[in-house]
Amino acid sequence: MLKRPSRREVLRVLAFGLPGARLCLAQDDGEKKDAKDKYPLPPPIPEAKLLPTLTTTPVRRGETGANWTVVDATVLPKDRQGIWVLDFAFLPMRIKTVQIPGKGRRVLHYIYYRVINHTGAPRAFTPEFVLVTDTGKRYQDTVLPQAVKVIEASEDPTRPLLGAVEVMGMIPPSGKKEGIDDAVFGVAVWEAVDPKADLYTVYIRGLSDGMQELKPPDGGKPITRYKTLRLSFQKLGDDRDLRSDEIRLLDPPYEWIYW
């Protein structure tokens, strides 16, 4: 009968891979299990889930319509080389009262927008819309599918409208058809915004991959800031009768910053 190798010998062979070395382990009559059963394989690594390709709507190139503001997507001198910027256009902030199942009637502030990819390659679009008021309140884009449907019907029912979650995906490059662009239409919605606020500032991330790392003077951990579009609005009415026609864009209506 062959001698069972010691633990040190086994580790030596595993570590150094000595040529011609063979481990001959005596078989026990009570252990005739298959190696696969004795040493089960690890579970398979799940496949990475890529972002879905977003559905686009064909629009005439260069045309937006009344009240649209088209943002200049030109790369700025302070940007690093090689960044991309998506084309963004938006309508003024609006207010709508919507019946939400389980919540009742809610007053919502929203921005209806359009994004087009003229960068020449597919781009991941995972936007973040943050509303900050002059009363010190901060609001994230709210997930309200029921409200998105209502807004879609009132703005343009012929164009599929995407909310906070549905709009996350890959935007295909536009420009393959002469005179036609492939646009994604979305809406950012904020719920229960302070009615006493007179100034609204909206910060939008995800329209570019531009970023900057700032080193604090004390030598601490670097701070990362992302290229962000800032929109500025003013409400002219009081806090009792909130109306869309009393919200105005300030001058300048938008600005690219690192935030």
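**View 1. Phe233 and its surroundings in the predicted model.** Not counting residues up to four places away in sequence, Phe233 touches Phe90, Pro92, Met93, Ile111, Asp198, Leu199, Tyr200, Val202, Ile247, Arg248, Leu249 and Leu250; contact here means heavy atoms within 4.5 Å. This is a predicted model, where local features need pLDDT of at least 70, side-chain atom pairs count only at pLDDT 80 or more, and totals for chains, interfaces and linings use all residues. Residues are numbered from 1 along each chain as its sequence is written, and side-chain values use heavy atoms, with hydrogens and water left out.

**View 2. Leu131 in strand 7.** Strands are DSSP runs (E, at least two residues) numbered from the N terminus. Leu131 counts as buried because its relative accessibility is 0% (buried is under 20% relative accessible area, exposed over 50%, partly exposed in between, with a 1.4 Å probe and protein chains only). Beyond its neighbours within four places in sequence, Leu131 has contacts that include Met93, Trp190 and Val202.

**View 3. Trp68 and Phe185, an edge-to-face aromatic pair.** The ring centres lie 6.5 Å apart, with 75° between the planes. Rings of Phe, Tyr and Trp (its six-membered ring) pair if their centres lie within 6.5 Å; planes under 30 degrees apart count as stacked, over 60 as edge-to-face and the rest as tilted. Trp68 and Phe185 are both buried.

**View 4. Tyr203 and Trp259, a stacked aromatic pair.** Here the centres are 4.2 Å apart and the planes 15°. Tyr203 is buried at 13% relative accessible area, while Trp259, at 22%, counts as partly exposed.

Key: Helix = DSSP H or I, 4+ residues; strand = E, 2+ residues; numbered from the N terminus.
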